[in-house]
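Here is a brief report on a protein model.

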Amino acid sequence: MKKGLLFSASILALGVSPSFAQTTESVSKAAAPQVVDQAEINQKSNTDNNNVFRLGEIAVSVVDDTTQVGSRTAVSAEEIQAYTDSNTLEKALNLLPSVTETQVGRRNEKSVSIRGFEMRQIAVMVDGVQSAMPYDYYPDLQTYTTGSLSEIQVSKGLSSVLAGPNTMGGIINMVTKRPEKKIEGNLTVTAKFGNSGAYNGLLTSGNVGTNQGNWYLQAGATYNDINRWSVSDNYSPVQNTGNHFFQAGKDYYFPMVNENGGFREGSSLRAEAANIKLGFTPNETDEYVIAYNYSNMEYDIPVYAGQSYTSMAGSKPTDEEKWAYQLTKPFYRSYPYYKKQTIYSLTNTALGDTGYIKTRLFYDTFKNRMDSVEFADDTLSAMRNEGGFPSLFNDYDFGGSVETGADLFKDNTTKIAFHYRKDVHRSKELGEEEWSRVADDTYSVALENTWHANEKTDVIVGASYDWLRVATVKEEGINDYRVNDDVFNPMAAVRYHYSDEGTVYAGVAQKSRFATQKSRFGERTGNGTGIPNPDLKAEKAVNYEIGVSDTIGNVAFDAAAFYTDVRDTNLEVAVDQGGDDYYQTQNFGKSRVYGLELASVIRMTDSFDLGLAYTYMEKELRSSIAKAEDLKPTNVPKHKLTVYGDWRVAEGLNIIPKVEAYSSRYSTLGGNNMVNAAVRVHGNGIGTGIGMQDGTKIGGFATAGLKIQYQPTDALEISVGVDNIFDKNYQLAEGYPEEGRNYFLTLSTKF
């Protein structure tokens with residue numbers, strides 16, 4: 001049975017190896033809603049469905065294969081292994097169109113933007129269960145490893161209302177593996193090397209599973225140990241303007257050069273992850289699963305390597321220099337632990353011939369500690385504690401959802417879903433006895449109906465009503481300040497299957513995102529000292545999209561045009577408090593995003609396939625503040641191009657080249673995390689916030705890689721390769737250079 005995906009991630013070259021072989025026909029196409037034979041799904045071969053855990057997919061039921069109506073992309077485990085040399089989430093997502101790899105430099109958080117939406121506006125899920133960071137909803141994607149995944153789904157603006165609240169910027173859903181054989185497993189080990197040949201570290205992952213007919217068990221683990229990595233040999237160290245800064249009677253020391261090239265300062269990390277899933281399939285239609293996921297990462301944060309604007313020793317800083325100091329000072333930070341644990345259950349029960357009821361329950365914890373120091377002298381050994389650190393988080397969230405549906409009327413499939421979650425954030429500084437606490441309750445009820453007008457045409461209409469209730473606020477100065485919020489999100493779409501392979505669709509949908517706890521109650525913003533704003537309302541986006549998917553001869557392609565109108569966006573604005581500038585997040589932001597996506601796989605010859613994905617995208621800031629201050633959107637390159645090839649040189653031997661290219665983008669100075677995703681790139685000197693320069697434009701770049709893959713037996717695969725083959729010096733955030741040329745050796749085995 002074909003999966004109903006309108007925008008396939010098979011932008012990639014096909015036929016990776018005999019054991020992972022694909023053909024042009026494997027590019028997923030939209031399928032008309034139909035009754036799913038669960039027995040057929042359970043009996044599918046390992047090659048046919050790549051161990052995809054169907055119950056963990058978004059909006060999958062026994063009524064129809066999917067309710068997806070817009071541009072959902074997916075990348076499989078085989079494609080991740082073939083086309084990346086990493087096993088972290090952000091690298092896998094970079095394979096997809098309209099997904100832009102980004103970085104929050106100060107916290108070394110790896111992230112992405114989707115069609116111009118930043119990470120806090122995107123829902124991250126595991127098997128359809130949202131994996132949230134309760135305080136700022138800004139997960140670090142490098143903490144999610146891909147070794148135990150069967151595929152990653154990405155839903156964009158035009159998507160089902162059944163997925164739940166806070167999906168304005170899209171959904172990233174990581175689907176775990178489901179065993180299909182009585183005993184099966186795999187092990188992958190990748191050794192990483194720098195440009196000089198120095199050993200950098202090891203990436204390992206493994207899985208084992210059993211399917212005994214009416215029950216199955218799946219377990220997996222990942223361990224990454226990266227000692228360091230190196231910047232490009234073309235990197236030139238940046239000389240700072242001074243090595244001392246005087247403020248409030250203190251003398252802060254700055255090294256004249258924060259990064260001198262070679263091994264990147266603060267680039268080490270250790271990550272471990274484990275998961276286990278137990279499932280019961282008592283009959284051909286029903287499935288009941290309980291699962292546990294664990295991850296923890298210990299890592300340093302590479303120091304800011306751009307221009308640090310400081311005053312020379314003995315001078316008194318100006319006000320502008322004070323702002324510049326806060327923005328561009330080199331942070332020396334590390335996470336001794338960054339731990340997340342989730343236990344969840346998923347069920348699917350058939351009701352009659354066409355009905356079903358599906359449930360998800362979850363309990364999730366998130367704990368971390370961030371340490372930060374400043375050096376007091378040029379030996380870099382005497383340290384000065386920085387106020388506010390070490391910082392401790394001890395968060396948790398729990399909740400669940402229930403979805404039910406059936407063909408209640410002729411030619412109509414009707415579905416209803418209800419979601420609930422509680423997000424609790426607790427934080428304090430080391431040594432404090434009391435934890436601050438903020439708790440929210442979020443609810444959503446959704447109704448969706450698909451009218452099968454004829455054999456080729458479906459009309460989908462739906463709406464969700466989401467509401468936020470503030471349960472607890474225990475923050476200094478704003479205790480028990482509670483402001484609730486609610487939003488209504490309608491959608492409508494039509495899809496027409498004009499041939500067995502061809503589908504065209506069009507639709508409109510509003511999506512929303514409630515303001516984060518940090519924006520409403522935090523006393524720090526991306527710019528500096530903040531004023532809480534409990535009255536913040538939900539951000540909203542109206543998405544328009546039209547697309548087509550087809551296979552013509554040896555060419556499979558998917559294309560979409562999109563236009564999004566965003567309003568009430570959170571925007572940091574300056575507030576004068578007794579002559580001092582503070583910042584507050586307010587609902588001033590307006591913008592529009594529009595563009596085109598194209599993905600294609602071309603069978604050039606019997607032994608060579610070419611895959612490409614291209615995105616053209618524009619984002620315009622339309623608020624009065626943005627126009628007056630000439631603000632620019634961050635992390636929205638106008639062009640993105642990804643090209644892959646697969647040359648099957650001989651039986652079991654493949655050569656796989658790849659090229660990834662981005663045009664220029666705007667970035668914050670100092671790698672700061674600006675909540676409004678907008679910066680001013682000119683002003684009166686260097687500074688921070690509205691009215692002063694806090695951003696800059698960084699150049700576009702292209703990187704290339706080459707991989708040679710050899711499979712001597714069905715059970716063994718050996719790969720060697722090089723990434724950033726031309727040793728390009730580039731950055732995703734100003735002042736944070738990326739890795740230069742590097743090599744890898746991968747051994748994979750399966751049984």
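Strand β6 (residues 149–155) is largely enclosed by the rest of the structure, because 7 of its 7 residues are buried. Note that this is a predicted model. β6 runs antiparallel to strand β7 (residues 171–176), and 6 bridges join the two. In one of these pairings, Gln 153 has Asn 173 in β7 as its bridge partner.

**Nonpolar cores**

In soluble globular proteins, nonpolar side chains tend to be buried together. Here the largest nonpolar core has 52 residues. Leu 89, Leu 93, Met 119, Leu 141, Ile 152 and Ile 172 have the most contacts inside it. Leu 93 touches Val 99, Val 112, Leu 141, Ile 152, Val 154 and Ile 172, leaving aside residues up to four places away in sequence. Another core, of 11 residues, lies apart from the largest one; Leu 162, Ile 460, Ala 509 and Ala 560 are among its members.

**Nonpolar surface patch**

Nine names make up the patch: Leu 351, Ile 357, Val 402, Ile 416, Phe 418, Val 445, Leu 447, Tyr 465 and Phe 488. Its area is about 720 Å². Strands β19 (412–429) and β20 (436–452) each supply at least two of the patch residues.

Beyond four places in sequence, Thr 703 touches Lys 658, Val 659, Glu 660, Asn 724, Lys 728 and Tyr 730.

Technical notes. Residues numbered from 1 in each chain as written. Predicted model: local features only at pLDDT ≥ 70, side-chain atom pairs only at ≥ 80, totals over all residues. Heavy atoms only, no water. Buried < 20%, exposed > 50% of the residue type's maximum accessible area, 1.4 Å probe, protein only. Helix = DSSP H or I, 4+ residues; strand = E, 2+ residues; numbered from the N terminus. Pairing = 2+ DSSP bridges. Contact = heavy atoms within 4.5 Å. Core = buried A, V, L, I, M, F, W, Y, C linked by side-chain atoms within 4.5 Å. Patch = residues over 30% accessible without salt bridge, like charges linked within 9 Å, V, L, I, M, F, W, Y side chains within 5 Å. Areas by Shrake-Rupley, 256 points an atom, 1.4 Å probe, with all protein chains shown as cover. Salt bridge = Lys/Arg side-chain N within 4 Å of Asp/Glu carboxyl O.
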